[in-house]
Amino acid sequence: MAAPTTRKFLGRLSLPERTFITDALRTETVGGIILLVAAIAALILANTPLSGVYGDIRNFSFGPQALHLHLSVESWATDGLLTIFFFVAGIELKRELVAGELRDPKAAALPVIAALCGMAAPALVYVVVNATGGGSLKGWAVPTATDIAFALAVLAVIGTALPAALRAFLLTLAVVDDLGAILIIAIFFTKDINFVALGLSFAGLALFRLLHHKGVRGAYIHVPLGLVIWALMHASGVHATVAGVAMGLMLRCTVREGEDRSPAERVEHRVRPLSAGLAVPVFALFAAGVPISGAAVADVFTRPVTLGVVLGLVVGKAVGVFGGSWCAARFTRAELNEDLAWADVFAVATLAGIGFTVSLLIGELAFPGAPALAEEVKSAVLIGSLCAALLAGILLKLRNNRYQRLYTEEERDEDMDGIPDVYELDTPEYHLRMAALLEAKAAEHRRLAEVTAADDSGDDGPA
């Protein structure tokens with residue numbers, strides 16, 4: 001009987017996957033920096049004499065009442081603009097299922113188990129803290145989410161040399177995490193359902209899919225249809241962001257004859273900057289503005305609801321993601337990449353504790369009738385995410401020298417053909433190019449040696 005084969009955990013990515021991951025992370029990193037600026041601006045506005053004006057703008061309502069769309073500015077950002085973010089998340093999930101890490105069930109087991117454990121452990125931490133402290137269990141889902149944009153913004157500052165495999169692992173975790181958050185929102189935060197509106201929304205989704213797969217293109221068709229689907233989903237009582245995910249999942253990720261890129265890739269290329277550069281930062285601008293004071297910070301660590309959120313993000317996420325990764329590797333006989341150590345996995349696992357965007361959204365949904373408590377939960381999310389970012393920064397810095405060596409090895413292109421050498425070591429063409437380059441260098445050095453020798457002999461003659 002053949003021995004079970006082992007697989008590499010966090011091994012080298014294929015070149016196409018590496019290129020896609022690099023491009024996606026570059027956009028997310030820029031978006032994370034913009035998001036950070038928006039969050040800081042929100043905190044400044046909420047904690048200065050401008051707080052009154054900021055509150056008036058945030059609570060200003062507009063929109064057609066007959067369509068149930070007379071919403072505050074904050075609600076438009078939460079239910080409207082954030083749908084764009086979830087639309088991109090839906091495309092990412094579809095791509096991962098069709099062409100990415102999740103297409104192979106055996107390979108997908110590791111990040112999926114890590115992500116699920118990374119959601120279950122924070123929820124368990126929150127429940128234990130509040131069950132023993134007499135707090136509310138309604139916020140159990142708040143610390144379960146990871147904010148990929150913020151996590152990558154941290155990497156942009158302190159982890160620029162992080163190997164591509166670890167970055168891809170973090171991105172895949174976030175994709176599965178987003179799916180979990182979507183399911184949580186759809187299942188646990190949907191109360192009264194208008195089945196007529198929901199049915200019409202599904203009919204719109206069916207038409208959206210039909211037009212897309214028939215090859216009908218044009219924003220003038222799909223954008224108005226998408227707005228109708230979104231409005232019907234909002235009127236149904238299901239959170240409107242679910243419409244964005246559903247439409248993202250319906251885009252085709254495969255390339256047909258005559259196409260350079262799939263429709264999903266084309267749409268994502270256009271929409272991702274809008275999501276990362278506008279939708280999510282505007283949401284943060286109106287969601288992260290909470291009063292912060294010494295007493296408020298102290299309360300976060302003394303009240304069970306807020307303490308559960310902080311510990312869930314900082315402790316639960318790190319332990320869950322790392323523990324899930326280790327157990328999955330142990331029981332699936334997957335070997336960790338020999339260039340990495342489990343300390344590297346733990347450092348990335350701590351980054352998963354940055355739970356800004358979706359955590360803030362779930363915090364609002366969990367306590368709809370208690371605005372004061374919802375504001376305290378937002379403070380806890382900010383503090384917990386900051387603590388996770390600081391801890392991850394320290395751990396990543398401690399491993400930076402190893403990362404720098406791996407990054408240099410991954411990026412080396414001595415034959416100057418635009419493809420890193422690690423992807424060509426098994427091809428004869430690479431070695432022939434290197435031989436030609438080295439022979440040319442050798443010939444140049446022989447020529448320089450002859451010139452130097454001639455100069456030296458000329459210097460030995462009489463003055």
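Q: Where is the place of His239?
A: Helices are DSSP runs of H or I with at least four residues, and strands are runs of E with at least two, numbered from the N terminus. In this structure, His239 sits in the loop between helix H8 (219-236) and helix H9 (241-249). This is a predicted model, where local features need pLDDT of at least 70, side-chain atom pairs count only at pLDDT 80 or more, and totals for chains, interfaces and linings use all residues. Residues are numbered from 1 along each chain as its sequence is written, and side-chain values use heavy atoms, with hydrogens and water left out.

Q: Is His239 buried or exposed?
A: Buried means under 20% relative accessible area, exposed means over 50%, and partly exposed lies in between, using a 1.4 Å probe and protein chains only. His239 has a relative accessible area of 9%, so this residue is buried.

Q: Which residues does His239 touch?
A: Contact means heavy atoms within 4.5 Å. Leaving aside residues up to four places away in sequence, His239 touches Thr78, Asp79, Ile185, Thr190, Met233, Leu361 and Leu365.

Q: What joins the side chains of His239 and Thr241?
A: A polar contact is a pair of N or O atoms within 3.5 Å; within protein, one must be able to donate a hydrogen and the other to accept it, and residues adjacent in sequence count only if both atoms are side-chain atoms. Here the side chains of His239 and Thr241 are joined by such a contact of 2.8 Å.

Q: How many aromatic pairs does a search of the whole structure find?
A: A pair of aromatic rings is described by the distance of the centres and the angle of the planes. Rings of Phe, Tyr and Trp (its six-membered ring) pair if their centres lie within 6.5 Å; planes under 30 degrees apart count as stacked, over 60 as edge-to-face and the rest as tilted. The search finds eight aromatic pairs. The rings of Tyr54 and Phe286 are stacked, because their centres are 6.4 Å apart and their planes are at 5°. This pair links distant parts of the chain, 232 residues apart: Tyr54 is in helix H2 (residues 51-59) and Phe286 in helix H10 (residues 263-287).

Q: Which residues do ring pairs link into a cluster?
A: Ring pairs join Phe60, Phe62, Trp76 and Trp230 into a cluster.

Q: How many helices and strands does the protein have?
A: The secondary structure comes to 17 helices and four strands. Of the 463 residues in the protein, 48% are buried.
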